[in-house]
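Me: Can you walk me through this one? I'd like to go piece by piece.

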Amino acid sequence: MNDEGAVGDEVLGANAGAAEDAPRPYVSFRGKVEPHWLDVNRHMNVSWYDHVFDIAESDLFEVFGIHDEYIRRTSYSFFRLEKSVRYERELMPDAKLEARSVVLWTDLKRVHHFHELWNVDRNYRAASVEGLSIHVDLRLRKAARIVERDVADLLTRLSHEHARLPWPKGVVRRDFRTRT
């Protein structure tokens, strides 16, 4: 959605439609339910919810600089440790979709993130996903803190902005920080 690594008005507040100075979730996906996303029940198949959430998660991570070039250049990446999906409402053919994403917290090694999939036409949340991802040194295959200052600064800034939002409804794990 945004230029790689760009954390500006489009990410920190200006792309989800609230008051000018209020924090907002990052809109990480916009699209519609495509015909080939439908199952035998003629609604969006769960595998496509997961597909949209994967796109949203990747887009959110690109905002703070985690993208293919970063991974090639540094040999660091993120692995997802946990994922919890909640399917709440059907999405029908051609429904306009929007994924809204937030960074709940980070310690610059782990990122706790949350994404909501909205039916824009009817203004309801259709699904949500909560995830915990860990920064990994691909050479050692071990967890590692983010050491690149620009990436760490962007992630910290986004996390602090999203911390001003109300805690999203449906977060299963209040605090991954106690996890070993």
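This is a predicted model: local features need pLDDT of at least 70, side-chain atom pairs count only at pLDDT 80 or more; totals for chains, interfaces and linings use all residues.

Me: What span should helix H3 have, and how far apart are its end C-alpha atoms?
Reply: Helix H3 covers residues 149-162, and at 1.5 Å a residue its 14 residues should span 20 Å. Its end C-alpha atoms are 20 Å apart, which agrees. The expected span is 1.5 Å times one less than the number of residues. Helices are DSSP runs of H or I with at least four residues, strands are E runs of at least two, and both are numbered from the N terminus.

Me: Which residues are buried in H3?
Reply: Val 151, Ala 152, Leu 154, Leu 155, Leu 158, Ser 159, Glu 161 and His 162. Buried is under 20% relative accessible area, exposed is over 50%, and partly exposed is in between, with a 1.4 Å probe and protein chains only.

Me: What covers them?
Reply: The cover includes strands S1 (26-32), S3 (96-106) and S4 (110-119), plus helices H1 (46-63) and H2 (68-74).

Me: Switching topic: is Glu 98 buried or exposed?
Reply: Glu 98 is buried, with a relative accessible area of 10%. Its place is in strand S3.

Me: Which side chains does the Glu 98 side chain make a polar contact with?
Reply: One is the side chain of Arg 30, at 3.2 Å, and another is that of Arg 100, at 2.7 Å. A polar contact is a pair of N or O atoms within 3.5 Å; within protein, one must be able to donate a hydrogen and the other to accept it, and residues adjacent in sequence count only if both atoms are side-chain atoms.

Me: And what else does Glu 98 touch?
Reply: Leaving out residues up to four places away in sequence, Glu 98 touches residues including Val 27, Phe 29, Glu 116, Leu 117, Trp 118 and Val 120. Contact there is heavy atoms within 4.5 Å.

Me: OK, pockets. Which element gives the largest share of the lining of the largest pocket?
Reply: H1, with five residues.

Me: And which gives the most to the second largest pocket?
Reply: That's S3, with four residues.

Terms used:
Residues are numbered from 1 along each chain as its sequence is written. Side-chain values use heavy atoms; hydrogens and water are left out.
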